[in-house]
Amino acid sequence: MAQSTTKTSVHSSQTDDSKGNSTWWIVLIILTVLSFGTRLYKVDEPDHVCWDETHFGKMGSWYINRTFFFDVHPPLGKMLIALSGVLTGYNGSFPFEKPGDKYEGVNYVGMREFCTILGGALIPFTFVSIWEMTHSLNAATLSASLVLFDVGTLTLTQYILLDPILLFFMLASFVGICKFRSCTLFEFGVNWWFWLIFTGVTMACCVCVKFVGLFQVTFIGLMTIADLWFILGKLSKPISYTVKHFIARFVCLIILPILVYVGFFYIHLFILNKSGNGDGFYSSAFQSKLQGNSLHNASMPKDVSFGAIITLKNHRTGGGYLHSHWHLYPENVGAKQQQITTYAHKDENNRWLVKFYNDDEKININDTVRLLKHGDMIRLEHVPTRRNLHSHREPAPITRKHYQVTGYGENGTGDYNDVWKVFVDGGSDGNIVSAVTSKIKLVHVLQHCVLTTSNKQLPKWAFEQHEVTCSPNLRDTNSYWNVEDNINSKLPNVSFEVYSPNFFARFIESHAVMFQGNAGLKPKEGEVTSKPWQWPINYKGQFFSGNNYKIYLLGNPVIWWGNIVVMVMYNLISIWKAIINKRRSNQNNEAVSDSKQQLLTTCNWLFIGWGLHYIPFYAMGRVLYFHHYFSAFLYSSMLTGVTISYLLEIIKTSKPTLIRKTVYDGLIGFIYASVIFSFYLYSPLAYGMSGPISTEQNSTMFGLRWLDSWEF
């Protein structure tokens, strides 16, 4: 595979001649016009929120309003959506509450058109990248056509989503590395540097849209390593020549992307400077940088005392607030007492009163304030409900080896199972508990367990908040808490500006929260998910719009199933070629056609690209959806186009006869006719279906539901 660089130089003159040929430009222009025409057609329909537009349209609005929020993806895609909205007259006022909400009087089309235009660029990108790798007009045209006439790719790139932006930067970086590898005759020239820098920047943008962009980084990294290995083998060149190439790639493909990536996060944190509903996922110190947050320019007592009203935030990354509400645990879930949970958002139900453990002691007698210290025993009374934080030997709702934590008592009066002992991390007797900065544990005095959160989501009866338990393991890593709000009018207030983190601290925490959020994504009740084995076979689609105007994400079955067949053929050809080459003499092996070898080498890289963008999903524990496969689908379609071109090249060049030419022309015609006609049949899935479902004879899609798992 590393030999592709030399093969490219062999064909460089052919490349220049072919590009000067009007045929090359005509094909590219036709494909580009068809791409943007098919994508922009009916882009304003349906005129309501479709699928994940409810998330990414809303996030675009938050950027416009500079309101902070939490999302599991890096920021670039949402920032670009917001920018496109601003440039096309959207003011960020639409709530994007749920799919199906009408866009009444809202300029939403600009954001859709922006995403659609990026999706339309996938076809010319495919054409150019395959041309640069193979110098075969047939391979480039067929590969681009397979992407062009896939109704699934069309559907996915017509809406306000991150996917068209991700796919755009993914293929842009692929074009960049392909163009760069074609510049071997002009090393360290202007074009060489331009395409190397272009690759690094678009690669960084790819990761800054979604973390799965790291698969593309790995792919480009492997291609770069192969090139450097080949350069190292040029014995006619000094070792300094290899070092120069290494340094150039290190700077442009590692240092530059890191700087670009960090730069986008700086812009992200600079724009989102106002408090929003995502504050609670981040540490107290992080929140202090957000305007409108209770900790921004906060002034509160430095030390915690008995009689203070406080909020407790779990100290793990993304930890929630200790929370309760009037609702009780249901039957057969421990004792039927008041629920205790963690909640990621600021709320009045997060407030607790710090009391002496002994009811005979009075709080702040004669205005004397007693500070809370390491080793003190306390009760915590939930302010809105006046029930005490309580634990007993009933098993917890989900983590059965832990004890249940409840709210117990009436008007602040309970029993001795309400008593907890405070320990400051690294502290000793007499150390005072400070707001924000002290990491504390609450150990149950009678049960000898520690208050913790399992980070497991409770069912709907607890509003899908997170489980709080009392763990017998006193070293539980999730058992640390910090006091965030600290209200006591009898103590002087101090400014907490000193605890505000710098940019790099916020950058690191943002990633820790995103990684944890990604890992914790679980399907919601009734949500349609899928498994990786279902994706290549087009087993099940996904509704983007229901009711009277249906949009259904599903791949063109002729293309998708054809990709599977051709991938099997490619692997058989690779095995056969490996055996033949092993049995041949070296002299005969050198006589293999350059053009055919170029096609096979390209197939090898495309197969690696497909595997890198698909196989890792099998190891992911998070919830997965059908649209996650489309990055791999693009490489699979390119592999199909190049493999078919390789087989057709064999037919065309092996002792040409009239019969072989007829077979060649017939196969080309059949392939294009099948792809185009199937696109015509299934295009209503992307452009909108109305009327009865496909199982009824008067349906426009009758007879096209080839699998029972398809739901249209």
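This is a predicted model: local features need pLDDT of at least 70, side-chain atom pairs count only at pLDDT 80 or more; totals for chains, interfaces and linings use all residues.

Biologist: Is G152 buried or exposed, then?
Modeller: G152 sits in helix α9, residues 151-156. The cut-off for buried is under 20% relative accessible area. G152 has 0% relative accessibility, so it counts as buried.

Biologist: How far apart are the C-alpha atoms of G152 and N538?
Modeller: Along the chain, G152 and N538 are 386 residues apart.

Biologist: Moving to α5, what distance separates its end C-alpha atoms, and what should it span?
Modeller: Helix α5 covers residues 76-87, which is 12 residues. The expected span is 1.5 Å times one less than the number of residues, so α5 should span 16 Å. That agrees with the model, where the end C-alpha atoms of α5 are 16 Å apart: 16 Å.

Biologist: Why call α5 largely enclosed, and which helices do its buried residues pack against?
Modeller: Nine of the 12 residues of α5 are buried, so the rest of the structure largely encloses it. Those buried residues include L76, K78, M79 and S84. Their packing partners are α4 (53-65), α6 (109-120), α10, α11 (190-207) and α13 (239-271).

Biologist: Which residues touch the most other members of the largest nonpolar core?
Modeller: In soluble globular proteins, nonpolar side chains tend to be buried together. Here the largest nonpolar core has 146 residues, and those touching the most other members are L76, F127, F169, F174 and F712.

Biologist: And which helix gives this core its largest share?
Modeller: The largest share is 13 residues, and they come from residues 163-181, that is, from helix α10.

Biologist: What does F127 touch?
Modeller: I'm not counting residues up to four places away in sequence. With those set aside, F127 touches W24, V27, L28, L31, L137, A140, T141 and A144.

Biologist: Last one: which helix gives the largest share of the lining of the second largest pocket?
Modeller: That pocket has a volume of about 370 Å³, and 19 residues line it, with V566, T640, I644, F670 and I671 nearest its centre. By class, the lining has 15 nonpolar, four polar and no charged residues. The largest share, seven residues, comes from α16.

Key:
Residues are numbered from 1 along each chain as its sequence is written. Side-chain values use heavy atoms; hydrogens and water are left out. A nonpolar core is a set of buried Ala, Val, Leu, Ile, Met, Phe, Trp, Tyr and Cys residues joined through side-chain atoms within 4.5 Å. Buried means under 20% relative accessible area, exposed over 50%, partly exposed in between (1.4 Å probe, protein chains only). Helices (H or I, at least four residues) and strands (E, at least two) are DSSP runs, numbered from the N terminus. Contact means heavy atoms within 4.5 Å. On a 1 Å grid over the protein atoms alone, a cavity is a set of points where a 1.4 Å probe fits but cannot get out, and a pocket is an open set with protein on both sides within 12 Å along at least five of seven lines; lining residues have an atom within 4 Å of a point. Grid points are joined across faces, edges and corners, and a volume is the space filled by probe spheres set on the points. Ala, Val, Leu, Ile, Met, Phe, Trp, Tyr, Cys and Pro count as nonpolar, Asp, Glu, Lys and Arg as charged, and the others, Gly among them, as polar.
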